[in-house]
Amino acid sequence: TSVRAYRADKGSFAYSATKSAIKIGLQSFAKELANKKIRVNSISPGWVNTELTIEQLKLHNLEEINKNHLLGIGNPTDVSGTVLFLLSDRAKWITGTDIIVDGGYLA
């Protein structure tokens with residue numbers, strides 16, 4: 001999902017609403033699929049510097065975005081460790097949860 005499921009900015013109603021819907025929807029899916037031992041989780045990243053977000057970053061105040069992310073804007077590798085954890089057997093008892101990986105944005 002996204003940190004926007006937890007905190008919206010001006011002009012982000014539709015985006016934040018859809019991210020919130022995904023976050024709550026995964027809990028329903030987790031309950032429906034648990035008897036089949038299928039786990040359903042999500043990750044809510046802050047701003048991550050990717051090809052998809054680079055144009056959006058140009059439209060926003062980069063200094064403000066960096067200031068709001070205590071550890072700065074992320075890179076894909078900052079999120080991939082959490083993805084690998086959730087895919088591993090170490091997360092076999094985790095379902096229906098959202099993990100925030102946001103560089104301190106929601107702190």
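Residues are termed buried under 20% relative accessible area, exposed over 50% and partly exposed in between (1.4 Å probe, protein chains only). The model is predicted, so that local features need pLDDT of at least 70 and side-chain atom pairs count only at pLDDT 80 or more, while totals for chains, interfaces and linings use all residues. Residues are numbered from 1 along each chain as its sequence is written, and side-chain values use heavy atoms, with hydrogens and water left out.

View A. Helices (H or I, at least four residues) and strands (E, at least two) are DSSP runs numbered from the N terminus. Val79, Thr82 and Leu86 are the buried residues of helix 4. These line one face of the helix, because they fall within an arc of 55° when seen down its axis (directions from the helix axis to the C-beta atoms). Their packing partners are strand 1 and strand 2 (98–101), contact being heavy atoms within 4.5 Å. Thr77, Leu84 and Leu87, on the other side of helix 4, are exposed.

**View B. The loop residue Lys37**. Lys37 lies between helix 1 (13–33) and strand 1 (42–45). Its phi is positive, about 60°, although Lys37 is not a glycine. With 73% relative accessibility, Lys37 counts as exposed.

**View C. Arg7 and the ring of Tyr105**. The charged end of Arg7 sits over this ring, 4.0 Å from the ring centre; the criterion is NZ of Lys or CZ of Arg within 6 Å of the centre and within 35 degrees of the ring normal.
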